[in-house]
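Please take a look at the model below. The text after it starts with one definition and then goes through the structure.

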Amino acid sequence: MAVVEAEALGAPEEARVVVAVADAGLTREVRRIVNSSIAKAGALGADSEACHVSVLVQELGVAGPLVEMEADRGVRPASNLKLATTVVALTLLGAQANFET
């Protein structure tokens, strides 16, 4: 991961921001995985032209994405998004956390 600390001229320490720099190697690997998955879906009979993937990888507390692939494209979230959200919630909040909706 490439992260740089951006310093504004004369800015106090608390005004500094950690900014992510897009990781070209990680982007290539994510793009390879996405393209491979679309090709496999096509080989199984799916319309690969109708397959759309949107990816945004960003580190918590860091400005700017590490990987961004059609991130502005609106798509329906896949079921695996629920798994990622659950992992983050369990990690940050713990298994005993409750909240009302």
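A residue is called buried when its relative accessible area is under 20%, and exposed when that value is over 50%. The model discussed here is predicted.

With that cut-off, the buried residues of helix 1 are Thr-27, Val-30, Val-34 and Ile-38. These four lie on the same side of helix 1, because the arc they cover around the axis is only 70 degrees. The other side of helix 1 carries exposed residues, Arg-28, Lys-40 and Ala-43. What do the buried residues of helix 1 pack against? Their partners are strand 3 (55-57) and strand 4 (67-69).

Helix 1 itself takes in residues 24-43, which is 20 residues. From its first C-alpha to its last, helix 1 reaches 28 Å, close to the 28 Å expected at 1.5 Å a residue. After helix 1 comes Gly-45, which has a positive phi, near 105 degrees.

Now to the protein chain as a whole. Its secondary structure consists of two helices and four strands, and along the sequence these follow the pattern β-β-α-β-β-α. Of the 101 residues in the protein chain, 11% are buried. The protein chain exposes about 8,000 Å², and 58% of that area is supplied by carbon and sulfur atoms.

The last point concerns contacts along the sequence. Among contacts in the protein chain with a separation of 6 or more, 38% are between residues 24 or more positions apart.

Note on methods: Residues are numbered from 1 along each chain as its sequence is written. This is a predicted model: local features need pLDDT of at least 70, side-chain atom pairs count only at pLDDT 80 or more; totals for chains, interfaces and linings use all residues. Side-chain values use heavy atoms; hydrogens and water are left out. The expected span of a helix is 1.5 Å times one less than its number of residues. Buried means under 20% relative accessible area, exposed over 50%, partly exposed in between (1.4 Å probe, protein chains only). The arc is that of the directions from the helix axis to the C-beta atoms. Contact means heavy atoms within 4.5 Å. Accessible areas come from the Shrake-Rupley method with a 1.4 Å probe; for residues, only the protein chains shown count as cover.
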